[in-house]
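Have the model open while you read.

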Amino acid sequence: MKPEQFIIYLAAMAAVTYLVRMVPLVIFKKQIKNKYVLSFLSYMPYAVLSAMAFPAVFFATGNVISAAVGFAVALTAAFFKRGLITVAALASAAALITELIIRYVI
């Protein structure tokens, strides 16, 4: 990548980031009181984070099958209200074991 291209890309990303943060402050000068808008805005960070993280789950390992097994184990552990560290450790262990089985047994 040429330095000129990098500067253009950097400026575009900075402008988009600034606009996304600035436009709501300019448009909504009063406090928002509508319960539907407040509900929508309160769930927005979780929805965006989920949309960004979910596809990466299936490409985190070398094999989609081991990633899916790790994801299933994480969902099961989370369903039974295990802590975040426990869920992450169980999912990682399940993905590792599945990857080893696929690599050395099958």
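Thr-98 has a relative accessible area of 13%, and since buried means under 20%, it counts as buried. This is a predicted model, by the way. Thr-98 belongs to helix 4. Which residues does Thr-98 touch, leaving aside its neighbours within four places in sequence? Those contacts are Ile-65, Ser-66 and Val-69.

Now for helix 3, residues 64-79. The buried residues in helix 3 include Ser-66, Ala-67, Gly-70, Ala-74 and Ala-77. They cover an arc of only 100° around the axis, so they sit on the same side of helix 3. On the other side, Ile-65 and Phe-79 are exposed. As for what covers the buried residues of helix 3, that includes helix 2 (35-57) and helix 4 (84-104).

Over in helix 1 (residues 3-27) you'll find Ile-8. Is Ile-8 buried or exposed? Ile-8 is exposed, because its relative accessible area is 56% and the cut-off for exposed is over 50%.

| Residue | Relative accessible area | State |
|---|---|---|
| Thr-98 | 13% | buried |
| Ile-8 | 56% | exposed |

Methods:
Residues are numbered from 1 along each chain as its sequence is written. This is a predicted model: local features need pLDDT of at least 70, side-chain atom pairs count only at pLDDT 80 or more; totals for chains, interfaces and linings use all residues. Side-chain values use heavy atoms; hydrogens and water are left out. Helices (H or I, at least four residues) and strands (E, at least two) are DSSP runs, numbered from the N terminus. Buried means under 20% relative accessible area, exposed over 50%, partly exposed in between (1.4 Å probe, protein chains only). The expected span of a helix is 1.5 Å times one less than its number of residues. The arc is that of the directions from the helix axis to the C-beta atoms. Contact means heavy atoms within 4.5 Å.
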